[in-house]
Every structure is written in C-alpha cells, then in structure tokens.
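Please read the points below next to the sequence and the coordinates.

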Amino acid sequence: QVQLVESGGGLVQPGGSLRLSCAASGSISAINVMGWYRQAPGKQRELVATISSGGSVNYADSVKGRFTISGDNAKNTVYLQMDSLKPEDTAVYSCNMNLRRYFSGWSDYWGQGTQVTVSS
C-alpha cells in the first residue's frame, strides 16, 4: 500500500504565505514525478506545479514567480511554498506522485487534498 498525506493548508490573508507538504509512505522503490494540483469550487482540477526526479520544474502561468515546488527524494516528500497568495488561489490542493512500488510498475497516486482559503 502507498499513502500520500498532505499538510499545511489553512486560511490566510491576501498577500500571505503557506507551505504545503506531502509525504508518501509504503513500499516505494522510485518516484518519477511529484506535483501539486488544485480544484476550486465549480472548476476543473488544474495543474499547479510539478518536479521531476531530476529536479526539472514546471509551473502554471498563474503561479509563476509566487509558488515554489521542491522535493526531498530521500523522504519521499514534496513541498509547495506559496507566497503572495491571492483570493483566486483558494482551492483544494492535492499532491500527486508517479511512482513505482517494489515488484510493480509505475502508477499515479493522490493525496486526500488540503483546503487553502485566501480571504481577508
């Protein structure tokens, strides 16, 4: 079994910062890509940022320059530092990892999601 557990969401004022964490546990042999997605009420889920095992990063245009994704392969953990938050960043944020379990192939796994609310 593989489990992704997120933490760090909450309520913050516009212009504030939050740091999300997502740790994977289980019989993991390798991780290919780690990422963060978000879904606002009434909208489709969208990609926020991804980071590959080699360190290549990709960001949605809407968060470039404000959000920073990082990963710790030794801890099977991905982080999302969110600065200069805006009300439109309000959403449920979910982490995703493309990983391989021992004696198995590559699969995508998702966290349960954490609420981020940006409001004064």
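1. C22 and C95 are both buried (under 20% relative accessible area, with exposed over 50% and partly exposed in between; 1.4 Å probe, protein chains only). This is a predicted model: local features need pLDDT of at least 70, side-chain atom pairs count only at pLDDT 80 or more, and totals for chains, interfaces and linings use all residues. Residues are numbered from 1 along each chain as its sequence is written, and side-chain values use heavy atoms, with hydrogens and water left out.

2. The structure holds one disulfide (a pair of cysteine sulfur atoms within 2.5 Å). C22 is joined to C95, with an S to S distance of 1.9 Å. The two cysteines are 73 residues apart and link distant parts of the chain: C22 lies in strand β3 (residues 18-26) and C95 in strand β9 (residues 91-101). Strands are DSSP runs of E, at least two residues long, numbered from the N terminus. The torsion about the S-S bond of C22 and C95 is about 45°, so the disulfide is right-handed.

3. Strand β3 also belongs to an open sheet of four strands, ordered β1-β3-β8-β7 with antiparallel pairing (two strands pair if DSSP finds at least two bridges between them). β1 (2-7) and β7 (67-72) each have a single partner strand, so one side of each is left without a neighbour in the sheet. Six bridges join β1 to β3; V5 has A23 in β3 as its bridge partner.

4. Two arginines sit over rings: R19 is 4.1 Å from the ring centre of Y79, and R45 is 3.8 Å from that of W110. The criterion is NZ of Lys or CZ of Arg within 6 Å of the ring centre and within 35 degrees of the ring normal.
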